[in-house]
Amino acid sequence: MKILRHHTSRILASAAFVAFLSGFALFTACRSTHSKASFGSGDTVTMKYARLLTIVKHAGYTVVTVANPWKEGQTLHTYILVDRHRTLPAHLPKGTVVRTPLQRNVVFTTVHCSLMMALEQQKSIVGVTELRYIKIPWIQEQARKGVIADCGEGMNPAIERIIHLHPEALLLSPFENSGGYGKLEDLGVPLIECADYMESSPLGRAEWMKFYGMLTGAEAKADSLFAVVDSTYNALTGSVAHRSDRPSVLMDKMMGTVWYVPGGESTIGRLITDAGGNYVFRNERRSGSISMPFESILAKAGTADIWLFRYDNDRPMTYPQLRSEYAGYDRLAAFRNRKVYACNVRQTLFYEETPFRPDRLLRNMISIFHPGALPTASNDYYLPLNP
């Protein structure tokens, strides 16, 4: 599954040119190892939903702390944001110093490329990984012109190419037990660990755009966009909050010999609840995915009313094609009752749009779970499977 390319980036590895970098590094990149950052006095930026971000503004710099999603009470990374036009303060807290606004970034995920577009900061992108999976026309056009460099695979980036781009930051996604970022950690370039996908609520993830806005000089734009997302999402949630008819919902499908389901505390799990659905794995208290054999899926979700999954194909999938992938699917009630809805990620902008515009996905889900509940239905992502 080409997840996030979102969940999307994959991580990383190898090669040289370290000697070249002594004069290349524009920033210090000390990885934070302490479990709590000490801020002193400062103005804390209120985060309504994000639980992994703490932002404190001080005179001359801003401290951004990213909590470790996998180790409670520990810090994944601390960033010290300092305006690039100001003299670096003499005494700064420990962390990775980032001179803002960033003007030259290598972005490892299509998700964050899309956000840069939404914040009107796309010209800061000088390189990307996983180019073939990025469906943003502007990015593809700039890559053809040579303005944006193809930096290879997320798991195996072109280190020398990245070096020659002179980036000011690398935006990539961290993963549990990944073992680090290989030679990328030796480049002297800040690694912005985009852990937004580990937030437990859709609005929590979307609120990370405030951090990315600070990084790129688009703080006001990010605040304005998030206010729209927040207002729209809550209005949609309120429209179905009173419903007692909540269909049970199963997500995703087999991958090889196992079925990966979103945890009950994942953004998808929360979206289903907010859309007036009953997520069958809501009691699995995890933010990430959980692998299960088909028999466990059948036992716990075999009677689910609705089944949603994503796939990647150049043509719409049909029920016979789905069954040909795995014969056991016809034991699921949603399959037998023709209540399967699929999102073809090759023909939609699911990965590009929904992480930071969860209100759009919420509208789509409400249209499926409660037909007629909204004045205007949405079929932007999940559609009824072709019979």
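**Strands, helices and rings**

Modeller: In this predicted model, strand β5 is joined to strand β6 (residues 96–100) by five bridges, and the two run parallel. Within this pairing, Leu81 has Val98 of β6 as its bridge partner.

Biologist: Which way do strand β4 and β5 run, and how many bridges join them?

Modeller: Strand β4 (residues 61–67) and β5 run antiparallel, with six bridges between them. Here Val63 lies opposite Ile80 of β5. Of the nine residues of β5 (residues 75–83), eight are buried, so this strand is largely enclosed by the rest of the structure.

Biologist: How are two packed helices described?

Modeller: One gives the angle between their axes and the distance between the axes. Helix α6 (residues 219–240) packs against helix α7 (residues 267–274) at an angle of about 50°, and their axes are 9 Å apart. Tyr233, Thr237 and Val240 of α6 make the contact with Arg270, Leu271 and Asp274 of α7. By class, three residues of this contact are nonpolar, one is polar and two are charged.

Biologist: How is a pair of aromatic rings described?

Modeller: The description uses the distance of the centres and the angle of the planes. The whole structure holds 20 aromatic pairs. In one of them, Trp208 and Tyr212 have ring centres 6.1 Å apart and planes at 40°, so the pair is tilted. Trp208 counts as buried at 0% relative accessibility, and Tyr212 counts as buried at 1%.

Biologist: Which residues form an aromatic cluster with Phe309 and Tyr311?

Modeller: The cluster also includes Trp259, Phe294, Trp307, Tyr326 and Tyr329. Both Phe309 and Tyr311 are buried.

Notes:
Residues numbered from 1 in each chain as written. Predicted model: local features only at pLDDT ≥ 70, side-chain atom pairs only at ≥ 80, totals over all residues. Heavy atoms only, no water. Axes fitted to C-alpha atoms, helices over the stretch in contact; angles between N-to-C directions. Helix = DSSP H or I, 4+ residues; strand = E, 2+ residues; numbered from the N terminus. Contact = heavy atoms within 4.5 Å. Nonpolar A, V, L, I, M, F, W, Y, C, P; charged D, E, K, R; others polar. Buried < 20%, exposed > 50% of the residue type's maximum accessible area, 1.4 Å probe, protein only. Pairing = 2+ DSSP bridges. Phe/Tyr/Trp six-rings, centres within 6.5 Å; stacked < 30°, edge-to-face > 60°.
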